[in-house]
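Hi,

Here is the structure I promised to pass on to you. Have a look at it first, and then read my notes below.

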Amino acid sequence: MSAARCNPRNERMKPGIMSKARLQAGMCLLTGMVLAGTMVAVTKADRVTERAKQLHFSSIVVDTHDDTTQRFLDREFDLGARNALGSIDIPRMKAGGLGAIFFSIWIPSKITGPEAVKRGRAQIDAVREQVQKHSADLVLVSTADGIREAHNQGKIAALMGIEGGHLIASDLGVLRVYAALGARYMTLTHSGNAEWADSSTAKPVHHGLTQFGKDVVREMNRLGMIVDISHVSDKTFADVLEISKAPVFASHSDCRAICDAPRNMSDDMIGALAARGGVIQINYHVGFLSQEFRNAEKAHPEWDKAIAMEVQNRCRDREGCQLIEGDRITREYVLRGDLPRVEWTKIIEHIDHAVKVAGIDHVGLGSDFDGANMPFGMEDATKLPQITNALLERGYSEGDVRKILGENTLRLMAEVERISRELNAGN
Ligand SMILES: [Zn+2]
């Protein structure tokens, strides 16, 4: 998850300040409160060549992590209209050539048990209802072939990922229900530990995965759900690689070598993930992209508190609002020079680094749109063609760019599906 500014903070600081939770709520009818100019990017659109456009719009562009789901819970949000706030809606997905999007089903780690399941199911229902309502543009799919078919029909493929193992309330039956309803991956933890797995941003209590946690991974393999290791502790990651029969991915994580966040991946981890056929999906959140931004935030914890309070004032408990407002207020801090300005090209640095470590077949895109703080120049989905343009400028071949945009994820999904079939056949 991720919510916009808030989220990022949530993700990193977890206790207290804003957690994604904040985000969920609502949509923020911020309309009136927005300070003109602060939220929408002030940067000039970078030039995108005709060749880049042609390549981008003929590729299947997959984004493995978006928190727009939190906004669906607000009746005033219209996915079909171009919104002034946030990063994702149908017009902007089309304008940016986004072909497949994984909507995150997320609740804060502190919510557990029956309440977690209730809210998880409500979000799945909200995604399914949105797809139904906008069936001329969206189609709910859960397989790699489904994504390709949607692309051929000129529709955007909508998928779901569960963000946080706490959402299953320690019940494999709940996991199976989520899978049956269309959830295609599960992030084993969010910012806090799950009952059976340690997070990278909480005090370890399980030493990685518990026995039940290992059963969860095995059941996900059987169900054909991708095991997502974003957010988990290094030990949980190592346990997953040992147990999982299928390749796994990080749905929204960056490179620790560039920005030393515990939630990012070390080069060793990226290499191990790739060696097992996995994919690291690069996250656009400034606090994971930029060491400078992260240092500035750490140096001024009072700002985080102030931002959290302001978000609370504006949104109360509406988490969708919290995510969007958190991002907007953070940008105000940047514009007045308190926090460093991070440019979208930082995303390309992380892609480049991950490709060097993992190889071209193991890197993709997991934006964290609508759940994190976006860099300048990547405010919303309309900016995605710039990534293609920048990769071509750096000398990537067209085939390599297609892999990063989505083909690597499609290959991984197909492999996870194949292994699921084998396991179900008893092989
Ligand atoms: Zn997240």
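Leaving out residues up to four places away in sequence, Met 186 touches Ile 162, Gly 164, Gly 165, Ile 168, Leu 175, Trp 196, Val 216, Met 220, Met 225, Ile 226, Val 227 and Asp 228. Please keep in mind that this is a predicted model.

Met 186 also belongs to the largest nonpolar core, which has 86 residues. Together with Leu 188, Ile 351 and Ile 387, Met 186 touches the most other members of that core. There is a second, separate core as well, made up of 20 residues, and among them are Ala 144, Ile 147, Tyr 185 and Ala 246. As background, nonpolar side chains in soluble globular proteins tend to be buried together.

Searching the whole structure turns up two cavities of 30 Å³ or more.

The largest cavity holds about 60 Å³ of space. It is lined by 11 residues, and Val 286, Phe 293, Val 334, Met 374 and Phe 376 are the closest to its centre. Helix H15, which covers residues 319-335, gives the most to this lining, with three residues. Sorted by class, the lining of the largest cavity has seven nonpolar, two polar and two charged residues.

The second largest cavity has a volume of about 40 Å³. Its lining includes Ile 229, Ser 230, His 231, Arg 256, Arg 263 and Met 269. Here the classes are five nonpolar, four polar and two charged.

Enjoy exploring!

Best wishes

Technical notes
Residues numbered from 1 in each chain as written. Predicted model: local features only at pLDDT ≥ 70, side-chain atom pairs only at ≥ 80, totals over all residues. Heavy atoms only, no water. Core = buried A, V, L, I, M, F, W, Y, C linked by side-chain atoms within 4.5 Å. Buried < 20%, exposed > 50% of the residue type's maximum accessible area, 1.4 Å probe, protein only. Contact = heavy atoms within 4.5 Å. 1 Å grid on protein atoms, 1.4 Å probe; cavity = no way out; pocket = protein on both sides within 12 Å on 5 of 7 lines; lining within 4 Å. Points joined across faces, edges and corners; volume = space filled by probe spheres on them. Helix = DSSP H or I, 4+ residues; strand = E, 2+ residues; numbered from the N terminus. Nonpolar A, V, L, I, M, F, W, Y, C, P; charged D, E, K, R; others polar.
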